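Take a walk through this fold, from the whole chain down to single side chains. Keep the viewer open as you read.

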Amino acid sequence: MARQTKERAERTRERIIDAAEQVFYRRGVARASLEEIAREAGVTRGAVYWHFADKVEVFDAVEDRARQPYEQMRAALRSSVPRAGNALEAMQALEASIVEAFERIQSDELARVRLTVMLLRCDYVDEMAPALERQTAVTRSFFSELQHYFNAVIPPPRPGSGWQPEAAAQVLQVVVHGSFMRWLRSPEEFPIGTGVIAIKAFIAALRRAWIPQAAQEEEGDPG
């Protein structure tokens, strides 16, 4: 009986978070109320307060879900283990990891809703300021993962390429984040597939500048 009660409570909590995602998306975080979230979830305000002290705690739970795309990209980068010293294969694995994450988000409507709430529907002031600090930490972690990849996985750029690992990581992060923002703001004008094109184009250009031509021909690189 206790286990059933716990499972029922957990289902109610998840339903409240589901409802909060939709209310925050439609109304914005500042204008949303716990009463609206309770109504959307089909529960009483008392049930909401049983699980969450206030709206900030509800937002924190939504934020936990919204981190998943970045966490998935970081995990994919960590699991990419190309042959030692093979720059071309490492670049291809990097591209595949990010493109896969984009394609996964494209087919996940809830991921779009969550990212929209985090990036476009919240003013990070007053009690919401700690959430901005957490998101900044996530951004730094993603950059650190890219930086590590360019420093430790991909062999150094050829002399005279004009690129250094840190600059490559910074520009790629800007392309990824900028593509997310453009897509969320105007998905009709900038479908996420356009972001995939931008990422592939950047990595292709980077590959041509980074890897000696002889190595590219040896590995059969079409770029």
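**Helix packing and buried residues**

Helices α5 and α6 are roughly antiparallel to each other, because their angle is over 145 degrees. Angles under 35 degrees count as roughly parallel, 65 to 115 as roughly perpendicular, and the rest as oblique. This is a predicted model: local features need pLDDT of at least 70, side-chain atom pairs count only at pLDDT 80 or more, and totals for chains, interfaces and linings use all residues. Residues are numbered from 1 along each chain as its sequence is written, and side-chain values use heavy atoms, with hydrogens and water left out.

Two packed helices are described by the angle between their axes and the distance between the axes. For helix α5 (residues 68-79) and α6, the angle is about 155° and the axes are 9 Å apart. Axes here are lines fitted to C-alpha atoms, for helices over the stretch in contact, and angles run from 0 to 180 degrees between N-to-C directions. The crossing of α5 and α6 is right-handed. That label applies if the near helix is turned clockwise from the far one by less than a right angle; anticlockwise gives left-handed.

Which residues meet? From α5 come Pro-69, Gln-72, Met-73, Ala-76 and Leu-77. From α6 come Leu-94, Ser-97, Ile-98, Ala-101, Arg-104 and Ile-105. The contact of α5 with α6 divides into 8 nonpolar, 2 polar and 1 charged residues. Ala, Val, Leu, Ile, Met, Phe, Trp, Tyr, Cys and Pro count as nonpolar; Asp, Glu, Lys and Arg as charged; the others, Gly among them, as polar. Contact means heavy atoms within 4.5 Å.

Helix α6 (residues 87-106) also packs with helix α9 (residues 165-185). Here the angle is about 15°, and the axes are 13 Å apart. The pair α6 and α9 is therefore roughly parallel. Their crossing is right-handed. On the α6 side, Leu-94, Ile-98, Phe-102 and Ile-105 make the contact. On the α9 side, the residues are Leu-172, Val-176, Ser-179, Phe-180 and Trp-183. The contact of α6 with α9 has 8 nonpolar residues, 1 polar and no charged. An α-helix has 3.6 residues a turn, so residues three or four places apart point the same way.

Now step back to the whole chain. It holds 11 helices and 0 strands. Helices (H or I, at least four residues) and strands (E, at least two) are DSSP runs, numbered from the N terminus. Along the principal axes, the C-alpha atoms fill a box of roughly 70 × 40 × 30 Å. Of the 223 residues, 45% count as buried. Buried means under 20% relative accessible area, exposed over 50%, partly exposed in between (1.4 Å probe, protein chains only). Among contacts between residues at least 6 apart in sequence, 73% join residues at least 24 apart.

Helix α2 (residues 34-41) is the next stop. Its buried residues are Leu-34, Glu-36, Ile-37, Ala-38 and Ala-41. Leu-34 counts as buried because its relative accessibility is 9%. Beyond four places in sequence, Leu-34 is in contact with Val-48, Tyr-49, Asp-54, Lys-55 and Val-58. Just after α2, Gly-42 takes a positive phi of about 75°.

The side chains of Glu-36 and Arg-27 are joined by a polar contact of 2.9 Å. A polar contact is a pair of N or O atoms within 3.5 Å; within protein, one must be able to donate a hydrogen and the other to accept it, and residues adjacent in sequence count only if both atoms are side-chain atoms.

Two other helices also hold buried residues of interest. Thr-12 lies in helix α1 (residues 2-27) and is buried, at 16% relative accessible area. Not counting residues up to four places away in sequence, Thr-12 touches Val-43 and His-51. Glu-145, in helix α8, is buried at 13%. Leaving aside neighbours within four places, Glu-145 is in contact with Arg-74, Leu-77 and Arg-78.

Finish in the loop between α7 (109-120) and α8 (129-153), where Asp-126 lies. Most residues other than glycine have a negative phi. Asp-126 has a positive phi of about 55° although it is not a glycine. Asp-126 is exposed, with a relative accessible area of 65%.
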